[in-house]
Amino acid sequence: MKIPIASDHAGFEMKQQLIENLGQEFQFDDLGTHSAESVDYPDFAHKVTKLIQNNTYDKGILLCGSGNGVAMTANKQTGIRAGICWNSQIAKLVRKHNDANILVLPARFIDLEEAKKCVKTFFSTEFEGGRHTQRIQKIINHG
């Protein structure tokens, strides 16, 4: 499974560690940033969302310090449901109940082990459907 992944400077180190630690299990398409030098997080959120919107990928990963900046940016885009996950239980629920297509990790607030669990859980959990389908339609159709 190939996964687009991007971060700003605050998420750079964790992004690199995820790629190194999970590279045997997942194939990552690293869309940057490629250093800890300050950058604008929307630029990197847009890279991932565009690839999901044009069906190049089904799901992706974004990281920034709190997770909020990239999540807010991503969720403004049509067809994107980005969920901030600080533990694997939330990663499971955003897939099962919200059909999230972007995992957002708050790099300054979780450790690498929990981030790895979030990635594994997010990409192994299917959308539950059922009663949740109507709710996703309300998100998509704005009410």
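Author: Let us begin with a cysteine: Cys85 has a relative accessibility of 0%, so Cys85 counts as buried, where buried means under 20% relative accessible area, exposed over 50% and partly exposed in between, with a 1.4 Å probe and protein chains only. Please keep in mind that this is a predicted model, in which local features need pLDDT of at least 70, side-chain atom pairs count only at pLDDT 80 or more, and totals for chains, interfaces and linings use all residues. Residues are numbered from 1 along each chain as its sequence is written, and side-chain values use heavy atoms, with hydrogens and water left out.

Reader: How many disulfides does a search of the whole structure find?

Author: Cys118, with a relative accessible area of 0%, is buried, and its sulfur is too far from that of Cys85 for a bond. For the whole structure, the number of disulfides found is zero.

Reader: Are the planes of Phe26 and Phe123 stacked or tilted?

Author: Rings of Phe, Tyr and Trp (its six-membered ring) pair if their centres lie within 6.5 Å, and planes under 30 degrees apart count as stacked, over 60 as edge-to-face and the rest as tilted. The centres of Phe26 and Phe123 are 5.9 Å apart and their planes stand at 55°, so the pair is tilted.

Terms used: A disulfide is a pair of cysteine sulfur atoms within 2.5 Å.
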